[in-house]
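Open the structure in your viewer and keep the selection panel at hand. The stops below are taken one after another.

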Amino acid sequence: MAERMLKFTTVARTTPSKRDAETRTGDFHEIYADFIDAKASEQASRCSQCGVPFCQTHCPLHNNIPDWLRMTAEGRLEEAYGLSQATNSMPEICGRICPQDRLCEGNCVIEQSGHGTVTIGAVERYLSDKAWEEGWVQPLRPGVDRGASVGVIGAGPAGLAAAERLREMGYAVTVYDRHDRPGGLLIYGIPNFKLEKDVVERRTRRLVEGGIEFRLNFEVGRDASLTDLRTRHDAVLIATGVYAARDLVVPGVGSAGVAPALDYLIASNREGLGEAVPEFRSGELNAEGRRVVVIGGGDTAMDCVRTAVRQGAASVTCLYRRDRANMPGSAREVSHAEEEGVVFEWLGAPRAVTGEASGVTGVRASRMRLSAPDVTGRQGIEEVEGADFDLPADLVIKALGFDPEDLPSAFDAPGLAVSRWGTVKADLRTLETSMDGVFAAGDIVRGASLVVWAIRDGRDAADAIHRRLSAPAQSAALIAAE
């Protein structure tokens, strides 16, 4: 092992080659090439195999990263893939879209010592793509039939991860989703340059071939109530995610030419999937030739600005009320956007959307400054008097984050308890909601978060449902009595 590992002092950190900005902004293909076999093994060999693997402890799925890096360095690629997928339902997706700089790679021991982190995400993506190419990805094999069924509401990462695990344990699983394709935001919210859709579709095909039933274009509350689903299944999992866009409360925000981020991204992704989207074709949700201002600083804002560049916008500006160091989005995504020509207006908050009857003409913004930190250590912001400025715009995109929808009303389930933020209340131990036999997982419980957390929550929810459904009747009666 000594000959194959611990090479971080002699081998420099290298990422897969990245297409230059001028080339990549002409299409929606992913911007990174794949590692070749030799390069993946070389980069994996930089791992220090430390006694306390902080990369693993800071991964929400606790992936066994050091061991599959060692196997990759030794050329044991099929074993390495098998170990990586043992804890992760979608390793090739996490390898592409996880903010590794904030999770595994950001906590790599050799990164802290100044040698540059191991490129964990790139190796994970390489292993998974190699597995699909070589046929190492096994079909989904259902466990012994347990004679029980589970309904999953939501075909996003939490719902898909739970469905897969439940099917492996022998449950009949039906996934309900209001969209016409499974995948949730993996399909409709994340642009192709970060995640090509065939990567998601091959995963969902595997679930279909494994016997999971998908009921698409199915809206709970319209096609059936939550109580109806509860009578159809032995347990129900709510994994809807959070889709209600936070609104911008300034004058002029209702003008033509102001669009929510998700509407804009969905229109672009549907066009990319070959659909004819009227709002895109009319120009309403198309940035081509327009001066675009995106308001917000998270990963959704980065998706919007980089999409607008590829659609041929005349100019793209990101307006964010804090500075670069306090931006919630991935630093890597900000860097990509800057390379692609996006202009960032840091410390600027919208005051009004200006325009005429025909549409918007700009955004008036206030210059902000950071103030003293609060009890959490986060700095506040305050307005700089007399420092307003104007940004020209023909299209303004609101990317301020997402909140939960009103599920008790939407699902016709007044007994479903929610928090003061609107998230579904679920027992921390059992993940069961206030309704008997109804569980919840993912963003609808924790609030808007990362795909990797949704996968973790979905897998945990599947285990919790299994414990409930496999408990002997006597134990269940005792629990109920308590």
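This is a predicted model: local features need pLDDT of at least 70, side-chain atom pairs count only at pLDDT 80 or more; totals for chains, interfaces and linings use all residues.

Residues are numbered from 1 along each chain as its sequence is written, and side-chain values use heavy atoms, with hydrogens and water left out.

Select helix α5, residues 77-86, where helices are DSSP runs of H or I with at least four residues, numbered from the N terminus. Leu77, Ala80, Tyr81 and Ser84 are buried there, meaning under 20% relative accessible area with a 1.4 Å probe, protein chains only. Looking down the axis of α5, you find these buried residues within an arc of 100 degrees, so they line one face of the helix; the arc is taken from the directions from the helix axis to the C-beta atoms.

Next, select Leu186, Leu226, Leu237 and Ile238, which have the most contacts inside the largest nonpolar core, a set of 72 residues. Such a core consists of buried Ala, Val, Leu, Ile, Met, Phe, Trp, Tyr and Cys residues joined through side-chain atoms within 4.5 Å. Helix α19 (residues 451-470) gives this core its largest share, eight residues. Apart from it lies another core, of 29 residues, including Phe280 and Met327.

Finally, select Arg310, which lies over the face of Phe193 at 4.1 Å from the ring centre, and then Arg178, placed over the face of Tyr243 at 5.0 Å; for Arg, this requires CZ within 6 Å of the ring centre and within 35 degrees of the ring normal.

Terms used: Buried means under 20% relative accessible area, exposed over 50%, partly exposed in between (1.4 Å probe, protein chains only). Helices (H or I, at least four residues) and strands (E, at least two) are DSSP runs, numbered from the N terminus.
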